Amino acid sequence: MEREELIRKWLDNELNPKELQLFKELDDYADLIRISESVQKFKPTSFDTDLELDKLKNTIAHKNQKRNWLKPLSAIAAAIVVLFGVYYSFLLQETEVSTLASQKQEVILPDNSNVSLNSLSSLSYNEKDWDQQREVKLQGEAFFKVEKGTTFNVKTKTGLVTVIGTQFIVKDRDELFEVICYEGAVRVDHNGQSIVLKQGDRYIKMAGTIASQTKTKRQSPSWISNTSTFKSLPYSAVIAEFERQYDIKIIAKDINSKQLFTGSFIHNDIDIALKSITLPLNLEYTRTNRMITLKGE
Amino acid sequence: MSKNLHKNICEETLYSNFFKKYADDLHSFLYYKFGDHLNPKDKVQEAFIKVWENCKNITPEKAKNYLFTVGNNLMLNEVKHQKVVLKFQQEKPKSHTNENPEFLMEEHEYSQKLQKAIASLTEAQRVAFLLNRIEGKKHKEIALLLDISTKAVEKRIYGALKKLKEQIHEL
């Protein structure tokens, strides 16, 4: 038998006794055996299958645990999404602030712009869209201190006032539409006309008269400091303002309500206030509970 | 083992059995191929974790090949064709030895020569030869494990032995 064949058989443990004898007679038999035996020293440190399996199972269990965290987490995430949805759908509704008679209120808008609402007025705006569009709807009268930023619109029944970073009032009462700019500039869109008001400009439109522009020297409207001031305004507007500030009913007898009045009244003392609006016109007044009757002499 | 009844190896006992059957072999394979400095035991763990993570896509028939390929790749990611030097266990000094120091020294020198010789084998030769000599595996078993023919295994082992003998004589 071939020498190589013998060695191959030996390597595969396939030698029969006779072949084994032949193999042992090979001249390099001792060398081969020595290599085969010495090579045993290179056996790796024993591999403990059970131990390694336990280790593996631990790792996998740990990984699965980590994965299981995802379930409660996704539930929480879903809940948050729903909450946000509800929250935003509420935001879609407009925020509305309104004042009663003889009440004033300050409103801080989302961009920190400040609005002072005079009595019997209401202001509404959309908090959600505020970043895209600064727009408020106004009924009545308000003083605005607008923060710098994009275009700021005040919509009233009568006209649209557009501003950029400024202080102004808008007054839209029954027969009177008045805009006074105290700082910066505003644009008034009214009756298809567009007028720009600068600091100190006053825009006024009364029922039955032509819109006109005058000047003011004031820094802020007087009602902010609890005084109502009138400059060449019909007496009916004075009476209406008085009613709003004191939440009272005024009956005017034999009085020309169209005559113009220049003057003021304060908001915290009804007697002094009554005198302020009656004495200049030589009017008499009688007062019963929530009713005041004015009479010409 | 009802191998063909299972579509994949996600079932726990099946997976455990798979581990028991091949973990040791994979370890030997990686050890002999790449040496011990790349932590073959860790690679065995990693390879089996990969198998578990992908168990849905692995049929029982393909699992072994997948496992060995993954194990091999994990090693290749780290190895930069360093020379594989297998550590040999130092002879424990026997308490009652009548072997003389000269013999012990000669023995140690021989081990060192053998170590160098093993390092000079090709990966294929070394894996086949050591699986055969140290793990006592038959040629047919090695052929199955490495997915090669029995003839190729014989050739590798015989080639390895021949080379070792020559190298030791030269050194």
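How are α5(B) and α7(B) oriented relative to each other, and why?

Modeller: First, some ground rules. This is a predicted model, in which local features need pLDDT of at least 70, side-chain atom pairs count only at pLDDT 80 or more, and totals for chains, interfaces and linings use all residues. Residues are numbered from 1 along each chain as its sequence is written, while chains are lettered from A and ligands numbered from 1 in the order in which they are written.

Chain B averages a pLDDT of 83, and 84% of its residues score at least 70; pLDDT is the predictor's confidence in each residue, from 0 to 100. For the complex, the predictor gives an ipTM of 0.77 and a pTM of 0.48.

Chain B has 7 helices and 0 strands. Here helices (H or I, at least four residues) and strands (E, at least two) are DSSP runs, numbered from the N terminus. Of the 171 residues in chain B, 34% are buried. A residue is buried if 20 or more other C-beta atoms lie within 10 Å of its own, exposed if 12 or fewer, and partly exposed in between, with C-beta atoms placed from the backbone.

Now to your question. Two packed helices are described by the angle between their axes and the distance between the axes. The axes of α5(B) and α7(B) cross at roughly 90 degrees and come within 8 Å. Axes are lines fitted to C-alpha atoms, for helices over the stretch in contact, and angles run from 0 to 180 degrees between N-to-C directions. The two helices α5(B) and α7(B) are therefore roughly perpendicular to each other. Angles under 35 degrees count as roughly parallel, over 145 as roughly antiparallel, 65 to 115 as roughly perpendicular and the rest as oblique.

On the α5(B) side, the residues that meet α7(B) are Ala124(B), Gln125(B), Arg126(B), Ala128(B), Phe129(B) and Asn132(B). Their partners in α7(B) are Val153(B), Arg156(B), Ile157(B), Gly159(B), Ala160(B) and Leu161(B). Two residues are in contact if their C-beta atoms, placed from the backbone, lie within 7 Å. This contact of α5(B) with α7(B) has 7 nonpolar, 3 polar and 2 charged residues. Ala, Val, Leu, Ile, Met, Phe, Trp, Tyr, Cys and Pro count as nonpolar, Asp, Glu, Lys and Arg as charged, and the others, Gly among them, as polar.

Helix α5(B) also packs with α1(B): their axes come within 8 Å and cross at roughly 135 degrees, and the pair is therefore oblique. The crossing of α1(B) past α5(B) is right-handed; a crossing is left-handed if the near helix is turned anticlockwise from the far one by less than a right angle, and right-handed if clockwise. From α1(B), Ser28(B), Phe29(B), Tyr32(B) and Lys33(B) meet Glu123(B), Arg126(B), Val127(B), Leu130(B) and Leu131(B) of α5(B). By class, the contact of α1(B) with α5(B) has 5 nonpolar, 1 polar and 3 charged residues.
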